[in-house]
Amino acid sequence: MPTIPSRTTEQRLAALGEANRIRSYRADLKRDLKGGRRYFPALREDPDMQTAHVAEFLLAVPKIGSCKASELMRRCGIPSMKTFKGLSDRQWTALVTLFDSTHAGQAHLRQSAAKTIERAA
């Protein structure tokens, strides 16, 4: 049986620091998605997102709950535990297309509401 190489204390601390950095970065991204400051399709190119689960970040998008996220992923043929790195180009294209079509009407409503508020002010 192969032995697992032992790590030095410095290596363990460096790995722990990197894991904490990525966790806090992803938490910030979820807050930005929820606040509408980030666009979901832009996440795939982020190197820190490659091991993140797609469904977890779909749930952070406003107006997408567990049912809608499951339905989007099912229609694209994406398993529930798939990571951004594990998506094929076909799956990603299908997901972005469905995501955009689902949110196009909602974005229009948000813009209309903002214009109404500006006129009222």
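1. Is D48 buried or exposed? D48 is buried, because its relative accessible area is 18% and the cut-off for buried is under 20%. This is a predicted model, and the values below are computed from it. D48 sits in the loop between α1 and α2. Its side chain makes a polar contact of 3.1 Å with the side chain of R21. Beyond neighbours within four places in sequence, D48 is in contact with R21, I22, Y25 and R26.

2. Overall layout. The chain has four helices and zero strands. From the N terminus the order of elements is α-α-α-α. The chain has 121 residues, and 28% of them are buried. Take the contacts between residues at least 6 apart in sequence: 57% of these join residues at least 24 apart.

3. The core. The largest nonpolar core holds 25 residues. Those touching the most other members are F40, L43, V54, F57, L58, F84 and L95. Four helices each supply at least two residues of this core: α1 (9-34), α2 (54-58), α3 (66-76) and α4 (89-120). The largest share, five residues, comes from α4. As general background, nonpolar side chains in soluble globular proteins tend to be buried together.

4. V54 as a core residue. V54 is one of the core members with the most contacts to other members. Leaving out residues up to four places away in sequence, V54 touches F40, M73, K82, T83, F84, L87 and L95. Among these partners, F40, F84 and L95 are also on the list of core residues that touch the most other members.

5. R44, a buried arginine. Where is R44 placed? R44 lies in the loop between α1 and α2. R44 counts as buried because its relative accessible area is 16%, against a cut-off of under 20%. The side chain of R44 has two polar partners to check. One is the side chain of D89, in a polar contact of 3.5 Å. The other is the backbone oxygen of L87, reached at 3.0 Å. R44 and L87 are 43 residues apart along the chain, and their C-alpha atoms are separated by 9.3 Å. Setting aside neighbours within four places in sequence, the contacts of R44 are Q50, F84, L87, S88, D89 and W92.

6. Aromatic pairs. How many aromatic pairs are there? The count is six. In the pair Y39 and F99, the ring centres are 6.1 Å apart and the planes stand at 65°, so this pair is edge-to-face. Y39 is in the loop between α1 and α2 and F99 is in helix α4, so the pair ties together parts 60 residues apart in sequence. Y39 is partly exposed, with a relative accessible area of 43%. F99 is buried, with a relative accessible area of 4%.

7. F57 and F84. Their ring centres lie 6.2 Å apart with the planes at 65°, so this pair is edge-to-face. F57 is in helix α2 and F84 is in the loop between α3 and α4, so the pair ties together parts 27 residues apart in sequence. Both F57 and F84 are buried. F57 also has a charged neighbour: K30 lies over the face of the F57 ring, at 5.3 Å from the ring centre.

8. The ring cluster. Which residues do ring pairs link into a cluster? They are Y39, F40, F57, F84, W92 and F99. F40, F57 and F84 are also among the core residues that touch the most other members. F84 and W92 are in contact with R44 as well.

9. Cysteines. How many disulfides does a search of the whole structure find? It finds zero. C67 is exposed, with a relative accessible area of 65%. C76 is buried, with a relative accessible area of 2%.

10. Points to inspect in the model. In the loop between α1 and α2, look at R44, D48 and Y39. For R44, view the polar contact with the side chain of D89 and the reach to the backbone oxygen of L87. For Y39, view the edge-to-face pair with F99.

Note on methods:
Residues numbered from 1 in each chain as written. Predicted model: local features only at pLDDT ≥ 70, side-chain atom pairs only at ≥ 80, totals over all residues. Heavy atoms only, no water. Core = buried A, V, L, I, M, F, W, Y, C linked by side-chain atoms within 4.5 Å. Buried < 20%, exposed > 50% of the residue type's maximum accessible area, 1.4 Å probe, protein only. Contact = heavy atoms within 4.5 Å. Polar contact = N/O pair within 3.5 Å; in protein donor to acceptor, adjacent residues only side chain to side chain. Phe/Tyr/Trp six-rings, centres within 6.5 Å; stacked < 30°, edge-to-face > 60°. Lys NZ or Arg CZ within 6 Å of the ring centre and 35° of its normal. Disulfide = S-S within 2.5 Å.
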